[in-house]
Amino acid sequence: MKAFKILFILLTFGTSAIAQFGLTPAQRDSINKLTEADYNNMLGQLSINRSQVRRGPSGNPKDANAANSSEEKVNKYTLPDPLVLKNGKKVKSVNEWNQLRRPEIVADFENEIYGKLPANIPNVKWQVISVKDTMVGNQAIKEKLLKGIVDNSDHTAIKVEINLLIATPANSKESVPVVLEFGFIKNPFSPGPVKAIGLGSAGEPTWQEQVITKGWGYAIIEPSSIQADNGAGLTRGIIGLVNKGNNRKPNDWGALRAWAWGASRAIDYFETDKDIDAKRVAIEGLSRYGKAAVVAMAFEPRISLGFIGSSGAGGVKILRRVFGEQVENLAGSGEYHWFSGSFIKYTSLFTPDDLPVDAHQLVALCAPRPIFISAGSPQVEGNWIDAKGMFIGAAQAGSVYRLFGKTDLGTTEFPPLGTPLIDGEIAYRQHAGGHSTGPNWSTWIAWASKYWGN
């Protein structure tokens, strides 16, 4: 029974959650062997020796191999121009962007970083498990719990059921906008809810209360019910189901695109629900789920607004910039499962400077839709996520937004802590708190109201 519980935790929540459930280092090491085996399998497919893989820096500033946290030590780099085609010609119109340049950038992200969606992803059938009138704080809501049952008739050994919670104002007489968060609905080992990602800061209502007070709705989708957050789970979940339990190929999708695919399936359901205005859906996530949120927005045109929290490297931080987390961390054995196997090449055979794309182009794929980049204080959150690197990723996408006639950040100078850059379709604010979107929720809601009304 103990072994089953350990495996369940691993495949559901990922290795980062193991310590939360009191597992010993020996148990953790035993479970990690599954991930190591999958990682080594991918190295073999890429003809890369383990000795060729460069080690990433440490997130502990006291380690000898600590990640750079000094602006004076940041390297010089050149970013690809998002408005220059591979043949060297400049993009001069929205039509040229949509027909020529955007597909080039999408292909580069799919081939080199996030992987491609397979052609044979099975359908999802949504089932409403329960509907009840309840409260969030002092706000009355209608709460629905759903499961997205993925068709596994081609491989019945793997079952995928996507967990989704939806809440809308109880007394609303019309469909409402919805903020879709990558997060947790409940803890399977406790009758109470887990602490939700993105709670409001001390003294403020939770983000859920703030959204409902505004007259909007919210939804929470559990990424772990789509795809496990570890390499050991790659032969299960939606990726494993499509591959019928076999290992990935180098260009196959990773967990970030799998989670983003799950968000798209939630939007499919929203389009059938009279309580939801499916033309006004925002995506929100923090940390690794911030990475998933911007990936989802970049590839899913039905998402109308973004709230991208502390996404760091692999999200909106410039990958070429040597500050905080690096490509060598992302494509190492602890995080490679978020990406395609091909991404590992940039820790061994190539360097991040060889990447054909960078994070500013991921933000550019969201154009012309409004996107808000959130970060915390370096004194509280730390420098791992690289708040300035994320600012640069947002600022350097401005040329594409301007092509659409939209307003960019309005500056390329990194602003002081707490300064809201919220006049345009690209927005940025570094709050004074820690690893949370909480202190930025009220700012985001005010900014989003310009586009959603109310």
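Helices H6 and H7 cross in a right-handed way, meaning that the near helix is turned clockwise from the far one by less than a right angle. The model is predicted, so local features need pLDDT of at least 70 and side-chain atom pairs count only at pLDDT 80 or more, while totals for chains, interfaces and linings use all residues. Residues are numbered from 1 along each chain as its sequence is written, and side-chain values use heavy atoms, without hydrogens and water. Helices (H or I, at least four residues) and strands (E, at least two) are DSSP runs, numbered from the N terminus.

**Helix H6 and its partner H7**
- H6 packs against H7 (residues 288-299) at an angle of about 65 degrees, and their axes lie 8 Å apart; axes are lines fitted to C-alpha atoms, for helices over the stretch in contact, with angles from 0 to 180 degrees between N-to-C directions.
- Leu-256, Arg-257, Trp-259 and Ala-260 of H6 meet a set of H7 residues including Tyr-289, Val-295 and Phe-299, where contact means heavy atoms within 4.5 Å.
- From first C-alpha to last, the 16 residues of H6 reach 23 Å, close to the expected 22 Å, which is 1.5 Å times one less than the number of residues.
- Because 15 of its 16 residues are buried, H6 is largely enclosed by the rest of the structure; buried means under 20% relative accessible area with a 1.4 Å probe, protein chains only.

**The sheet**
- An open, mixed sheet holds nine strands in the order E1-E2-E3-E5-E4-E6-E7-E8-E9, and strands count as paired if DSSP finds at least two bridges between them.
- At the edges are E1 (124-136) and E9 (426-430), each pairing on one side only.
- The average twist from one strand to the next is 20 degrees.
- E2 (residues 139-150) and E3 (residues 161-169) run antiparallel over nine bridges, and Leu-146 has Leu-164 in E3 as its bridge partner.
- H6 (residues 255-270) also packs on this sheet, with a direction about 155 degrees from that of E4.
- H10 (residues 387-395) touches E8 and E9.

**Nonpolar cores**
- The largest core has 100 residues, and Leu-164, Ile-238 and Phe-270 are among those with the most contacts inside it; a core is a set of buried Ala, Val, Leu, Ile, Met, Phe, Trp, Tyr and Cys residues joined through side-chain atoms within 4.5 Å.
- H6 gives the most to this core, with 11 residues.
- Beyond its neighbours within four places in sequence, Ile-238 is in contact with residues including Ile-121, Trp-253 and Trp-261.
- A second, separate core of 23 residues includes Ala-282 and Trp-447.

Note on methods: Buried means under 20% relative accessible area, exposed over 50%, partly exposed in between (1.4 Å probe, protein chains only).
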